[in-house]
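Me: I would like to learn how to read a two-chain model, feature by feature. Could you take me through one?

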Protein chains: 2
Amino acid sequence: MARDDRGVTPQSEDFSAWYNELVTKAQLVDRGPAKGTMVIRPYAYRLWELLQAELDGRIKATGHENAYFPLLIPESYLRREAEHVEGFAPELAVVTHAGGKELEEPLVVRPTSETIIGEMMSKWISSHRDLPLLLNQWANVVRWELRPRMFLRTTEFLWQEGHTAHRDEADAMAETMLALDMYVEVARDICAIPVVAGEKTPGERFAGARSTFTIEGMMRDGKALQAGTSHYLGTNFATAFDIRYTSDQGRQELCHTTSWGMTTRMIGAVIMAHGDDKGLVLPPNVAPYQVVIVPIGRGEPGEATAGAARDLAATLRAAGVRTHVDLRPQLSPGFKFNDWELRGVPVRLELGPRDLAAGTALMSLRLGDEGKQPLPLATAAEALPGVLAGFQEFLLRRATEFREGRTTTVDDWPAFTAAVTTGWALAFHCGDGRCEDEIKAETAATPRCIPLDGPPAEGHCVKCGSPSAYGKRVIFARAY
Amino acid sequence: MARDDRGVTPQSEDFSAWYNELVTKAQLVDRGPAKGTMVIRPYAYRLWELLQAELDGRIKATGHENAYFPLLIPESYLRREAEHVEGFAPELAVVTHAGGKELEEPLVVRPTSETIIGEMMSKWISSHRDLPLLLNQWANVVRWELRPRMFLRTTEFLWQEGHTAHRDEADAMAETMLALDMYVEVARDICAIPVVAGEKTPGERFAGARSTFTIEGMMRDGKALQAGTSHYLGTNFATAFDIRYTSDQGRQELCHTTSWGMTTRMIGAVIMAHGDDKGLVLPPNVAPYQVVIVPIGRGEPGEATAGAARDLAATLRAAGVRTHVDLRPQLSPGFKFNDWELRGVPVRLELGPRDLAAGTALMSLRLGDEGKQPLPLATAAEALPGVLAGFQEFLLRRATEFREGRTTTVDDWPAFTAAVTTGWALAFHCGDGRCEDEIKAETAATPRCIPLDGPPAEGHCVKCGSPSAYGKRVIFARAY
C-alpha cells in the first residue's frame with residue numbers, strides 16, 4: 001500500500017472526512033451489510049475492552065452486580081410507559097417471524113432494557129430488605145439509524161446499562177449521581193477527556209426519565225459529544241411494571257429507579273478529542289499498544305535488532321507495558337513509522353544496529369516537541385511507565401486547555417452565534433422548548449447541559465430576552 | 001421463606017425436576033417473556049464471567065484477537081452455503097420491519113456468524129501474509145427453541161465464537177484441534193468436568209462443516225452433554241464468500257476456515273456434573289463465592305462475630321479468595337447454612353462467640369466426610385487456597401470415577417441398551433446414518449463422539465452387525 005493511500009484529509013479541511021477516512025484506514029471499523037451497522041475490528045475492540053475493564057471495575061466496586069436480560073422484548077412491554085414508547089418507536093427493529101412461523105406478538109430487538117428489567121425487578125423485589133437492587137448489563141442494543149456514523153450513531157452498538165431500584169427519591173438520586181461520577185472519572189482519567197457533567201434540559205431528556213444527567217466532551221472541531229448519561233426515572237417505570245416493596249412500616253411503596261449507560265460511542269470520542277492530521281492519538285490508558293518497537297536493518301544486523309526488540313518487549317510486558325514489535329518484513333521503517341502514527345501509538349521505539357551498539361533505542365512520542373531521544377535499554381522498563389503517565393497527563397491538559405480556550409461566556413446573540421461556530425457558548429436561557437428549537441434552527445446549536453459546577457447566576461435569555469431559567473448559565477454547542 | 005420451599009426434588013426421584021427447581025431456587029435464572037429466553041441472574045452471570053476470563057485468556061494467549069460483528073445478517077448471506085441454511089433455517093428469528101418500515105430484505109438475528117465473518121474475511125485477506133487470520137467474538141445468538149431448558153437449550157444464549165482462516169487444510173486442522181484443546185482444559189481444570197474429546201459422526205456435524213469435534217461430559221444422571229465444539233469448515237465458506245489469498249507463488253488460493261464455540265450451556269454442565277440433593281456444588285475455580293462466612297450470635301456477641309467476620313473476609317480477599325459474609329439479620333444460621341449449600345459454596349466458615357474466643361472458625365466443605373473442623377483465624381488466609389485447590393481436585397476425581405464407573409464397553413445389543421440406560425456405551429458402529437436413527441428410535445441414545453484417544457480396533461456394528469467404521473469404538477449415550 002502506498003503512503004498516499006494511508007494518509008487522511010486534514011482536520012482543518014474537512015473534519016468529517018478526516019474522521020470517516022481515519023476510522024477505516026486505522027482499521028478500527030468496517031461497514032456491516034445491514035444499514036448503519038458496524039464491524040468493530042480488533043484494534044478498536046481492544047480499546048473497548050480496556051475501557052470496559054476500567055468501567056466494570058468501578059461498577060463492581062460500588063456494589064453493582066452484572067446480569068444478562070433477553071435481547072427480544074414483547075412489543076407490549078414498551079407501550080406500558082407512554083413517553084418511553086413514543087421516544088423509541090421510530091427506532092425499533094421488529095422480529096415478526098421465528099422458527100418458521102409468524103409470531104402472535106411481535107418482539108422488538110432491545111433498544112434499551114428498562115422495560116424487561118422492570119418486569120424482572122417487580123418479581124425480585126418484595127421487601128425493603130431487597131433494596132437497593134443494583135444491576136448492570138453489558139450488551140448490544142439496536143436503534144434504527146437513518147444517518148449512521150461509525151461509533152457515534154450506529155444501528156447496533158455495544159454498551160453497559162445500569163438499572164437500579166431504590167426506596168425513595170433521595171437514594172435514587174444519589175445513585176444517579178454516583179453513576180455520573182464514574183463516567184466523569186473514566187472519561188477524564190482513562191480517556192483523557194475533561195468532560196463537563198450537567199443536567200439535560202427537559203427537551204433533551206431520556207424518554208421516560210424524570211431527569212437526565214450527561215457528560216459532554218469537546219471534540220477538536222469544537223463540537224460537543226454526549227459521552228454517557230444517567231437518568232433518574234422517578235416512579236415512572238415502577239408504576240408501569242409494578243415495582244413495589246413493603247416498607248419497614250409494612251406499607252406497599254413504589255420503588256424509585258435509575259438507569260445509566262456508556263457506549264462504544266466513547267471510542268469515537270477518544271478519536272475526535274485527541275486525533276490530528278497524522279491520525280489517531282491514543283491515551284496510554286486505552287491504547288491497545290502503548291509502545292511499538294520498530295527494529296531496523298536487513299540481513300544479520302536486522303536479525304540482531306529484531307532479537308533485541310523481542311527481548312525488550314518481553315521486559316516491557318513484564319513491567320505491565322502493552323508492547324508490540326513490528327516485524328513485518330515487506331515494509332520499510334518509514335512506512336511503519338507513519339502506520340503507527342496513524343494508529344495513534346503513544347510511544348515509538350526505533351532500534352537500529354547503531355542504537356543497539358550504544359545500548360539505547362530512539363524514542364519518539366506521538367505528540368510533543370521533544371523529537372527523538374535516546375532511551376537506555378537497560379532502564380527502559382523503569383522509565384516507560386513514567387513516560388506513558390506523563391503523556392496521559394499531557395493529553396488531558398491539552399484537551400482541557402483546548403476546551404477552555406473554545407468556551408465563551410456570551411450575553412448577546414451575535415456573540416452566541418460566533419461562539420457556537422468554533423466551540424461552546426455559556427449562555428442564559430429562558431428554558432422554553434420552542435426557544436431551544438429556534439436556536440437550533442438558526443445555529444444548529446443545542447443545549448448540551450446545565451453544568452453541575454456552574455456558579456449560580458440570573459440573567460436574560462440570550463435568544464428571546466426572557467428571564468433566565470435553571471439559576472445558572474447553560475452550555476450550548478453543535479453536537480454529534 | 002420456609003426451609004421446605006427452598007428444598008429441591010431429589011435427583012434419584014426426578015433428575016429433570018431437580019434441575020429445573022434448582023436453577024430457579026438457587027437464583028441462577030429466570031424465564032424471559034419471549035419463548036425459550038432466559039434472564040441470567042447475577043450469581044450465574046458471575047460464574048459465566050469467571051469462565052469467560054479463563055477462556056478469553058487462553059484465546060488471547062494463542063494469538064487470537066477479539067472483534068465484534070453485527071447481530072443482524074441479511075437472509076441472503078445464509079443461503080450462500082447450502083447445508084448451512086438448511087441446518088439453521090428452522091431456528092431463525094427474522095426482523096422484517098425496522099425504523100417504522102418494512103425492510104426490502106429481511107434480516108436474521110445471528111444464529112452463528114460464519115456468514116457475516118466470512119464476508120469480512122474476504123475483504124481483509126489478500127496475501128498469504130494476512131494468514132492465519134485468528135478472530136474471536138463474545139456475543140449473543142438466537143436460535144428459536146421449541147423445547148427450551150434453562151442454560152441447555154435456550155432461544156438466546158451467550159457464547160464465544162472463534163473464526164479463523166488458513167492457507168491450507170493442515171494449518172486449519174491444527175487450529176481446530178488447538179481450540180478443542182482449550183475447551184478440554186477449561187472444562188477439566190476450571191469446571192472439574194473430565195470431558196472426552198472426539199469427532200462427531202457425519203450425521204451430527206455442524207451445518208456446513210467438513211468435520212466437527214466435540215467435548216462431551218457425563219452428567220450425574222449418566223447422560224452426555226456436548227460442552228463445546230470445534231469445526232473444520234474446509235473451503236465451504238471460503239467458496240461461498242470468496243475468501244482467497246495470493247500465495248507466495250502468486251497464485252489465487254481458497255482459504256481453509258474453522259469455527260469453534262463454547263456457550264452459557266457450560267453453566268448447565270457445571271450444575272449437572274457436580275450437584276446433589278442439597279443443591280449446587282460449585283468447583284472453586286468458577287464459584288462466585290469460594291468461601292462464605294456466617295457470623296453467629298445476637299446482640300453484643302453478634303456484633304463482635306460480625307466484625308471479626310468482616311476482618312477475616314478482608315484478609316481472605318487480599319489473599320485472592322472470593323469471600324462473602326452473610327450478615328442478613330432476619331435469617332437464622334441454620335437457614336443460611338442450607339441456603340449456601342443450595343447455592344453450592346465450596347467452603348463455609350461459621351464464626352460464633354466461642355469460636356472467636358478460641359481464635360478459630362468452624363469450617364465445613366460442601367462435600368466430603370470431614371464434618372466441621374476448627375480453622376485457626378490467624379492462618380486461615382494461608383490455609384484456604386490449599387483447601388480450595390484440594391476441593392477442586394476432589395470434584396474432578398469424583399467426576400472422573402463416576403464417568404469411568406458408568407462407561408461400559410459393549411459388544412451386543414442387550415448390553416448396549418442396558419449401558420445407555422445409566423451411562424455411556426463404548427460400541428462398534430457401522431457408520432450408517434439410518435442405523436444411527438434406528439438406535440436413537442429404540443433407545444434415545446445417539447453417537448456422542450469417536451474419542452480421539454480411543455485405541456484402534458475393528459469389530460461388528462452393535463446394532464446391525466455390519467463391519468465397523470471409524471477404526472475404533474464410538475461413545476453412545478442419551479444426551480442433553
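Me: Which residue stands opposite A:A98 in strand 5 of chain B?

Reply: First, some ground rules: this is a predicted model, in which local features need pLDDT of at least 70, side-chain atom pairs count only at pLDDT 80 or more, and totals for chains, interfaces and linings use all residues. Residues are numbered from 1 along each chain as its sequence is written, while chains are lettered from A and ligands numbered from 1 in the order in which they are written. Now the general idea: strands of a sheet pair through backbone hydrogen bonds, either parallel or antiparallel. Here, the residue opposite A:A98 is B:A93. Strand 5 of chain A and strand 5 (residues 93-98) of chain B pair in the antiparallel sense over 5 bridges. Strands are DSSP runs of E with at least two residues, helices are runs of H or I with at least four, and both are numbered from the N terminus; two strands pair if DSSP finds at least two bridges between them.

Me: How many residues of each chain are in contact with the other chain?

Reply: In general, the size of an interface is often given as the accessible area lost when the parts come together. Here we count residues instead: 44 of chain A are in contact with 45 of chain B, where contact means C-beta atoms, placed from the backbone, within 7 Å. Strand 5 (residues 93-98) of chain A gives the largest share of chain A's side, 6 residues. That side divides into 26 nonpolar, 9 polar and 9 charged residues. In this scheme Ala, Val, Leu, Ile, Met, Phe, Trp, Tyr, Cys and Pro are nonpolar, Asp, Glu, Lys and Arg are charged, and the others, Gly among them, are polar.

Me: What rotation superposes chain A on chain B?

Reply: The general idea is that two copies of a chain are related by a rotation about an axis and a shift along it. In this model the rotation is 180° with 0.0 Å of shift along its axis, and the RMSD is 0.0 Å. The two copies are therefore related as by a two-fold rotation axis. The superposition is by least squares on C-alpha atoms of residues with pLDDT of at least 70 in both copies. A:V95 is the residue of chain A that comes closest to the axis, at 2.1 Å (C-alpha). Also, 100% of the interface residues of chain A are interface residues in chain B too, so the copies meet through the same surface.

Me: In what order do the strands of the open sheet of 5 strands in chain A lie?

Reply: The order is 16-15-17-18-19, with mixed pairing. Strand 16 (323-325) and strand 19 (373-376) of chain A are at the edges with a single partner strand each, so one side of each has no neighbour in the sheet. On average, neighbouring strands are turned by 30° against each other, direction ignored. Strand 17 (residues 347-351) and strand 18 (residues 360-365) of chain A pair in the antiparallel sense over 4 bridges, with A:L349 opposite A:M363.

Me: Which strands of chain A does helix 10 touch?

Reply: Helix 10 (residues 299-318) of chain A packs on the sheet, touching strand 15 (291-295), strand 16 and strand 17 of chain A, and its direction makes about 165° with that of strand 15 of chain A. Angles run from 0 to 180 degrees between N-to-C directions, using lines fitted to C-alpha atoms, for helices over the stretch in contact.

Methods: Two residues are in contact if their C-beta atoms, placed from the backbone, lie within 7 Å.
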